[in-house]
Amino acid sequence: MLEVQAPFSADRKEFEAILKFGQNPRLAQIILDGNLIIRYTSPAALSLFTDYYRIQSKPFFNVFRQPLGTAELRILIMSLKSPERGFSWSGTLVHKNPNMRTLLTRTVINPFFAANRSILGYLVHFEDVTDKYNTRLRTTFSSILEAAKLKDNDTGKHNERVSYYSKRIAEYLHGKQLYPQIDPDFIDNIEFLSMMHDVGKIGTPDYILQKPGKLTELEWDIMREHTINGTFILSSYPNPMAKEIALSHHEWWNGGGYPFRLEGDMIPLSARIVTVADVYDALRMKRTYKLEYTHEEAIDRILAASGTQFDPSIVRVLSEIHESFNEIWNSFRDSDASEPYNADIPLDYDV
Ligand SMILES: [Fe+2]
Ligand SMILES: [Fe+2]
């Protein structure tokens, strides 16, 4: 049963007839009167926006001004007044709440006409396209990552494990509310983007990636360029975290890393998290030139490098949640115990 939340100034009977035949309460819809006040909210729309806004009986623009932004708002108002545009508008709205993942809705606004052709109100339809958008965006980059992995010998499930560790650290920091920038979007992004940390190796020559011995100083210089190459590859990714991680996951807290010898807080937080995750996993992996470290040995090595290679606050988190790292390692262990040589083990400066 559709509910009209307030009387319309226009012909109510006509309006109710439209409601009766034109609506589907299972769809996320709202109905605006001619003054753009929200008069009807479908149950699906209520649940879609419940964590973002209180929308019943409010002026449309009071609620949706922020996700529209000034420029889009102007276009929307023009469109609703424009016979050429059918008094309609469609676009994507970005809904934010610091405690929730950002919600994206494909939004369509169409007018209702009275018998005398005046505008009686508007039907606004929302489709949640958050997952569709993220999947489409990430599929392209995942393909590039797969191509990079083919070139860089197969590093097994290293990227996936780095993703799990990084997400775990971010979740812990979010729970402690230590960094305001860590919100559900940050966690969602670091989970995906930490996997991309070495995507720039797609531009590193094979003879360096696959060299079965120590690299010369010149070869190291070329290897280090994977951070810059990764940043180029990810330059079109809409979230800056992609570039931050690719560029800065080999920087050191004390300024001893590469490519720019950034120091302390100058290194983006996302990269400081991924560095710890990446090194832990690299230590646990068996290489042709090193044995597999035990969990305790890997943690000890990282603790010893707190404040030199690693951000001490991230190392403190690691010391709190290190058991979950071991669990992730054991759950997503590579079946082949002998990992191929990978010259980009992030221990090139001796942890
Ligand atoms: Fe790297
Ligand atoms: Fe790595």
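Predicted model: local features only at pLDDT ≥ 70, side-chain atom pairs only at ≥ 80, totals over all residues.
Local features were required to have pLDDT of at least 70 and side-chain atom pairs pLDDT 80 or more, whereas totals for chains, interfaces and linings use all residues. Residues are numbered from 1 along each chain as its sequence is written, with chains lettered from A and ligands numbered from 1 in the order in which they are written.

Five strands form an open sheet with antiparallel pairing in the order 2-1-5-4-3. Strands (E, at least two residues) and helices (H or I, at least four) are DSSP runs numbered from the N terminus, and two strands pair if DSSP finds at least two bridges between them. Strand 2 (38–41) and strand 3 (89–95) lie at the edges, each pairing on one side only. From one strand to the next, the twist averages 25°; axes are lines fitted to C-alpha atoms, for helices over the stretch in contact, and angles run from 0 to 180 degrees between N-to-C directions.

Strand 1 (residues 28–33) and strand 5 (residues 119–128) are joined in the antiparallel sense by six bridges, with isoleucine 30 opposite valine 124. Seven bridges connect strand 3 with strand 4, also antiparallel, and leucine 93 faces threonine 105 in strand 4. Strand 4 and strand 5 run antiparallel over nine bridges; phenylalanine 112 has glycine 121 in strand 5 as its bridge partner. These two strands form a hairpin with five residues between them, and arginine 117 in the turn has a positive phi of about 75°.
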